[in-house]
Amino acid sequence: MRAENPSRHGAGPSVGIAGAGLLGRLLAWRLAHAGWRVAVFDPAESAEPVFRSQAGDPYVPTAAGFTAAGMLSPLAELDNAAPGEAALGWRSIALWRRIAAALPQAPLFRAEGSLMLAHRADLGAAQRVLERLRAATATPEWQRLSPPEGVQALDLPTLRTLEPAIQGPALAWLLPGEAQVDTVAMMAALHADAPGVDWHWRAPVLALQAGARGGALQLADGRLLAFDRVIDVRGVGAKPDLPVRGVRGEVAWLHCPGHGLTRPTRLLHPRHRVYLVPRPGDVLIVGASEIETEDRSPASLRSVVELLAAAHSVVPALAEARILRLDVNLRPALPDNNPRIDHEGALLRINGLFRHGWLLAPALAEKALRDNGWLGSEFTMNCVADSA
């Protein structure tokens, strides 16, 4: 079969990207600004998110990046990630700051630290988490890449000063330097500010090929499209090319005028880590579920009750919150739960970001483009001035 080349814009090399999630949009944005001819293919109906509780049938999933809360938490994620991987989050925070400043839509980026909380009855569970964090921050991998500040215990008066809305927990810790982004706004802004990119919706990619002179995408409709380079960032959709599995996560969107919370906050619990993340418009995102299943059915009663009861125990004002939507998605995870970059000639694959998509995506994209020589060492400098 002869391959078509659909790229029309730009004067640089052509690249076909399989997947229009977070990594797909980030790479399309960067390469388009560097003059590449970019085409992106995704099975979703459009560039917009479709939240699970508002979806029709049959349900066509949208990117997991829309569901994520957008916490950029290198310290907190040491409970789930290796020190060397989590430490890359500091580089991502610096990159997200620059990216947000470069985008015309100016999506929310805020770096005022985050909080961990615990009720007194859960002190044992909290101490186990803190001990894992202390051990991880003592490793050479972490210390080589990370600022010296670590987890800081807060007394209750200091906590009340920082976050008056928090009234229930008796124990608190500040994680300085951590940040957050508005994931939905950032996904929209990356899509809108990618000059000349050809976005192809309802276009699943079945396979990618790499040859001596370029690569190709095999689409579900039978077309074989040729490019100078091809990138696979399909997440769970990359099976069977990669041993990736989906891990179910559920979140609730709450509307609560005057809730007052300003920082991403985690409640340490013996069974899970419930997070509350403020968004513009008096919205709070509440989540934490991590279930080893690829079930995409609507949110379960058990998860919703546990998440919302825990959130209410932290911010009592949520008693009068209204549930805007419930969302479900699958995190892409490899067997070791660590991300992986594979480069073979004209083919680049990035996958396995698991819980750490927003935390690691810019740093991994920078590393992938630098290491294979596609853009050199300057990931964002052509688009934004260094903020340092």
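Here are legends for a handful of close-up views of this predicted model.

**View 1. Strand S11, covered on both faces.** Let's start with S11, which spans residues 214–219 and has six of its six residues buried. On one side sit Gly214, Ala216 and Gln218, and on the other Gly215, Leu217 and Leu219; both sets are buried.

**View 2. S11 and the strands it pairs with.** Strand S10 (residues 205–211) runs antiparallel to S11, and six bridges join them. If you want a pair to click on, Ala210 stands opposite Gly215. The S10–S11 hairpin has two residues between its strands. S11 also pairs with strand S12 (residues 224–227), again antiparallel, through four bridges. Here Ala216 stands opposite Ala226. The hairpin of S11 and S12 has four residues between the strands, and Gly222 takes a positive phi near 100° there.

**View 3. Parallel pairing around strand S13.** Strand S13 covers residues 229–232 and pairs in the parallel sense with strand S1 (residues 14–18), over four bridges.

**View 4. A three-stranded open sheet.** The strand order is S3-S8-S4, with antiparallel pairing. S3 (71–72) and S4 (109–110) are the edge strands, each pairing on one side only. Two bridges join S4 to S8, which spans residues 179–181. Look for Arg110 and Gln180, which are bridge partners.

**View 5. Helix H7 and its start.** At the start of H7, a side-chain oxygen of Asp182 comes within 3.3 Å of the backbone nitrogen of Val184. The helix itself runs over residues 183–192, and its buried residues are Thr183, Val184, Met186, Met187, Ala189 and Leu190.

View 6. Strand S16 (273–279) and helix H8 (301–314) are the elements that give two or more residues to the lining. H8 supplies the largest share, four residues. Sorted by class, the lining has seven charged, five polar and four nonpolar residues.

How values were computed
Residues numbered from 1 in each chain as written. Predicted model: local features only at pLDDT ≥ 70, side-chain atom pairs only at ≥ 80, totals over all residues. Heavy atoms only, no water. Buried < 20%, exposed > 50% of the residue type's maximum accessible area, 1.4 Å probe, protein only. Polar contact = N/O pair within 3.5 Å; in protein donor to acceptor, adjacent residues only side chain to side chain. Nonpolar A, V, L, I, M, F, W, Y, C, P; charged D, E, K, R; others polar. Pairing = 2+ DSSP bridges.
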